[in-house]
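Please read the report below alongside the sequence and the coordinates. It is arranged by structural element.

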Amino acid sequence: MSLLRKTAAQLADALAAGETTSVEITQAHLDRIGEVDGAVHAFLHVDAEGALAQAAESDARRAAGKPASALDGVPIAVKDVLATEGLPTTCGSKILEGWVPPYDATVVKRLRAAGLPILGKTNMDEFAMGSSTEHSAYGPTHNPWDLDRIPGGSGGGSAAAVAAFEAPLALGTDTGGSIRQPGAVTGTVGVKPTYGSVSRYGLVALANSLDQVGPVTRTVLDAALLHELIGGHDPLDSTSIRESVPDLTDAVRMGATGDLTGVRVGVVKELGGDSQENEGWQDGVQARFQEAVDLMVANGAEVVEVSCPTFVHALATYYLILPAEASSNLAKFDAMRYGLRVLPEGIIDPSAEDVMRATRDAGFGDEVKRRIILGTYALSSGYYDAYYGQAQKVRTLISRDFDAAFAKADVLISPTAPTTAFKLGEKLDDPIAMYLNDLATIPANLSGVPGISVPGGLAEEDGLPVGIQILAPTMADDRVYRVGAALETLLTDTWGGPLLDRAPALEGVSR
Amino acid sequence: MSDVLVPWDDVLAAYDPALGLEVHVELNTNTKMFCGCPAVYGGEPNTQVCPTCLGLPGAMPVVNGKAIESAIRIGLALNCEIAEWCRFARKNYFYPDMPKNFQTSQYDEPICFEGWMDVEVDGENFRVEIERAHMEEDTGKSLHVGGATGRIHGADYSLVDYNRAGIPLIEIVTKPIMGAGEKAPAVARAYVSQLRDLILALGVSEARMDQGNLRADVNLSLAPKGSGGLGTRTETKNVNSFRSVERAVRYEMQRHAAVLNAGEAIFQETRHWHEDTGVTTSGRAKSDADDYRYFPEPDLVPVAPSREWVDELRGTLPENPVERRARLQADWGYTDLEMRDVVASGVLVPIEETVAAGASPQAARKWWSSELARRANDAGVDVVDLGVSPAQVAAVQALVDAKTINDKLARQVFDGLLAGEGTPEEIVAARGLAVVSDDGALGAAVDVAIAANPDVADKIRDGKVAAAGALIGAVMKEMKGQADAGRVRELILEKLS
């Protein structure tokens with residue numbers, strides 16, 4: 001098997017057995033990026049020199065018998081929303097073009113300490129606002145399954161890089177589904193950990209109360225290995241939970257047997273689980289989802305139907321809280337200290353405000369401006385109670401629905417996204433249609449619970465990947481891994497191999 | 001353009017003033033409010049900064065526990081309730097010296113609320129009610145280069161120093177202070193001055209107004225006399241000394257009255273105080289509709305001080321100011337009048353420190369309440385900002401007690417101290433100020449004086465000892481003031497007995 005096709009766990013084993021080196025692995029991935037990324041455009045910045053230098057250091061540690069971690073030497077791609085010292089960090093925006101942070105995000109610091117060479121920074125919707133990566137100021141990423149289709153978003157770059165074998169691992173961030181939905185539409189695994197269980201320090205905030213960093217991988221085990229490495233308390237993040245992450249790789253091992261005896265699986269009526277009310281849910285997605293549920297039942301799971309009535313308000317709630325927080329977060333981009341600076345035309349002696357205005361006009365894309373306007377409005381005096389205040393109350397109700405559902409079920413299950421990957425440009429002029437793609441993923445962010453998307457097969461009508469989402473209660477991340485690993489094992493057996501083996505090879509593609 | 005002012009007595013005849021004071025106290029914590037940068041005054045511009053206080057993308061705040069402790073102690077000392085649970089909020093507005101373009105502050109959930117402080121004015125206690133005391137971070141500091149005024153308008157360019165950005169502040173807001181009438185300026189001054197004493201006693205801030213550790217904004221409105229209502233207010237900023245607080249209140253009262261007498265409405269706005277000219281000028285319009293789009297800071301968890309901790313902090317409070325003033329007056333043996341002067345001129349703390357450094361209470365009062373207060377008044381600064389420390393005053397008095405110098409020479413030592421000439425001892429040596437008590441030199445000068453004033457000498461010989469003063473004066477003049485007056489008197493009486 002080529003180095004590119006190995007999972008991170010397999011690469012770690014090969015490194016430990018002395019069968020290969022980090023430099024070989026890293027070079028192989030850099031070569032693959034050189035070969036296919038012109039067509040996929042998963043990366044905004046590739047740091048070949050830095051990655052190879054880190055790989056050489058990793059090999060030196062191995063040679064000395066002192067690897068820094070189980071994944072020492074396995075390269076990784078990092079979403080461009082995470083601060084990386086010495087590497088450009090643009091968040092997919094023109095307003096940060098050329099900005100090189102003087103510090104590392106905590107998760108990046110942990111990657112470096114664990115010896116993972118950083119291949120580069122991956123593409124994303126501008127400031128993580130979007131579900132297709134088409135809102136990147138640097139051009140869209142293409143889905144490796146069909147280059148005319150979107151890779152999901154906002155973390156389309158990380159998912160596509162992993163799906164196209166340009167990187168064995170990647171980091172993403174999930175505010176309303178930005179890890180899970182790209183995972184679903186690219187046939188990869190994406191995990192949104194419990195809010196507060198992975199440090200956000202150095203994550204350029206979209207919506208602080210919703211954002212969470214998480215793994216983007218090809219297998220559930222790889223996700224667990226990466227999650228254990230980046231998780232845990234961080235004194236630099238006040239919202240960071242003090243309790244340590246449960247043993248995730250252990251949970252994967254338990255789940256990988258495929259045995260789900262005694263596990264209560266809740267099918268959420270409002271998240272595509274109602275066969276009577278299936279408007280907006282693609283047939284092929286529902287078929288694969290039903291198949292997954294049947295398979296779990298066949299292997300010992302007990303299925304219960306649960307209803308979370310407030311979930312129908314999740315999208316509206318999300319689109320008040322997110323823009324409100326984002327409008328404030330994005331105020332700092334004012335051309336005074338870093339990033340883009342545009343002098344207004346036709347003003348002889350521009351004031352600081354004139355420069356701020358011209359810079360923000362030129363530096364932000366339409367979707368960002370749209371959400372700044374929405375958020376500014378929602379927070380305005382006289383509207384605060386009706387919008388932001390009300391949204392916070394609904395948020396509490398959504399958490400209560402989760403609590404009630406988790407009283408009946410150990411995990412909740414749904415399709416990750418209502419459709420497979422749509423065509424580039426298809427929903428660009430219809431923001432609401434774009435927002436609806438995150439219908440099933442948003443409730444988890446509003447209440448903070450962990451979730452995973454695992455590949456669920458291909459939809460019959462278009463042959464594109466479908467994702468299955470598994471949600472668990474706060475701090476029960478081990479449950480999503482256990483059930484996710486079980487479903488992965490069972491489905492992979494029915495397919496006779498990993499789903500990604502069926503994706504186009506992309507060799508020799510060019511655009 | 002100068003404002004029309006109404007004579008003071010006419011203001012009082014027609015209007016009741018309502019005062020409101022907002023005082024910002026810069027805490028003396030080692031580190032900033034939300035990051036580990038040093039929170040010290042001075043330093044090369046932009047050297048005490050990090051991703052968090054520079055507001056770099058991705059950086060996050062962490063609350064300084066010591067700042068919360070200081071906030072609670074201030075609240076307790078002001079007889080406030082301490083919130084069981086409160087949050088920080090973002091105050092959103094754009095300004096170049098605000099790294100994030102929002103200030104992390106507190107909005108509708110202040111950590112301290114509903115308190116009071118008794119301030120002494122003319123020997124009587126006046127109760128000032130405290131609405132709230134909340135925590136927030138300071139902004140950076142803009143320096144506008146070029147232009148005539150040093151203000152942003154007309155400047156060639158501006159520089160921003162972010163060393164100050166993120167330094168913890170406590171903002172203490174009073175409720176409207178009604179019923180002070182003619183004493184409104186004095187009440188305002190006494191409140192700020194006695195609040196400063198309290199802050200110093202708590203040890204939570206350097207509390208120097210001249211360095212901006214303590215900054216006062218003065219809200220003022222007038223209502224027709226006896227109406228019991230509240231008029232439209234103005235908020236005067238940049239009031240950087242106790243005397244300016246007093247002057248600014250008086251000025252705004254006279255200005256408001258002129259506007260109202262002319263049948264016009266007060267324009268709700270921020271006004272700037274000008275220390276040099278003693279006037280306020282119009283700043284930006286400020287209305288209650290200013291929309292800062294406050295919302296709870298999502299990057300910080302709520303602050304929930306346990307009742308046990310609050311009680312523990314209550315145990316660390318300094319003495320209640322009213323009791324403290326009574327105790328000090330008794331200890332020092334001051335008359336009521338003396339004590340009132342001391343409190344009014346804001347020298348209670350310096351006197352206490354001077355006594356602690358070894359001077360007698362009367363001597364300490366003598367220097368602070370008269371000599372130094374006069375100099376401060378001439379210089380247009382508060383006496384505590386004059387530049388003479390309690391330790392120096394005690395050292396000067398020690399020289400007087402040792403008869404090395406006398407009171408008159410001591411004044412020259414203060415000249416030297418203010419000119420930065422070194423310690424009192426060094427100044428006495430360098431300026432040659434030591435009193436001459438050598439009998440040889442004094443005796444010769446006494447002989448000269450007797451010879452020059454035979455009539456006076458005769459009177460003394462006849463037993464009119466009181467006449468010796470004239471001869472002493474002549475000797476002192478001869479000796480340029482550097483004679484031990486007591487010894488001179490003895491020598492004169494010996495020689496003429």
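## Basis of the model

This is a predicted model, in which local features need pLDDT of at least 70 and side-chain atom pairs count only at pLDDT 80 or more, whereas totals for chains, interfaces and linings use all residues. Residues are numbered from 1 along each chain as its sequence is written, while chains are lettered from A and ligands numbered from 1 in the order in which they are written.

## Helix α13 of chain A

Helices (H or I, at least four residues) and strands (E, at least two) are DSSP runs, numbered from the N terminus.

A residue is called buried if 20 or more other C-beta atoms, placed from the backbone, lie within 10 Å of its own, exposed if 12 or fewer do, and partly exposed in between. In α13(A), the buried residues are A:Val368, A:Arg371, A:Ile372, A:Gly375, A:Ala378 and A:Leu379. They cover an arc of only 135° around the axis, which puts them on the same side of α13(A); the arc is that of the directions from the helix axis to the C-beta atoms. A:Asp366 and A:Ile373, on the other side of α13(A), are exposed.

## Helix α15 of chain B

In α15 of chain B (residues 468-478), B:Leu471, B:Ala474 and B:Val475 are buried. Viewed down the axis of α15(B), these buried residues fall within an arc of 100°, so they line one face of the helix. They pack against α13 (439-452), α14 (454-461) and α16 (485-495) of chain B, contact meaning C-beta atoms, placed from the backbone, within 7 Å.

## Sheet and loop in chain B

Three strands of chain B form an open, antiparallel sheet in the order β4-β3-β15, two strands being paired if DSSP finds at least two bridges between them. β4 (102-105) and β15 stand at the edges, each with a single partner strand, so one side of each is left without a neighbour in the sheet. Four bridges join β3 (residues 89-92) to β4(B), and B:Lys91 has B:Gln103 as its bridge partner in β4(B).

B:Tyr93, in the loop between β3 and β4 of chain B, is partly exposed, with 13 other C-beta atoms within 10 Å.

## Contact between the chains

The contact takes 34 residues from chain A and 25 residues from chain B. The buried residues of α13(A) pack against β15 (295-296) of chain B, together with α11 (314-329) and α14 (385-408) of chain A.

Conventions:
Two residues are in contact if their C-beta atoms, placed from the backbone, lie within 7 Å.
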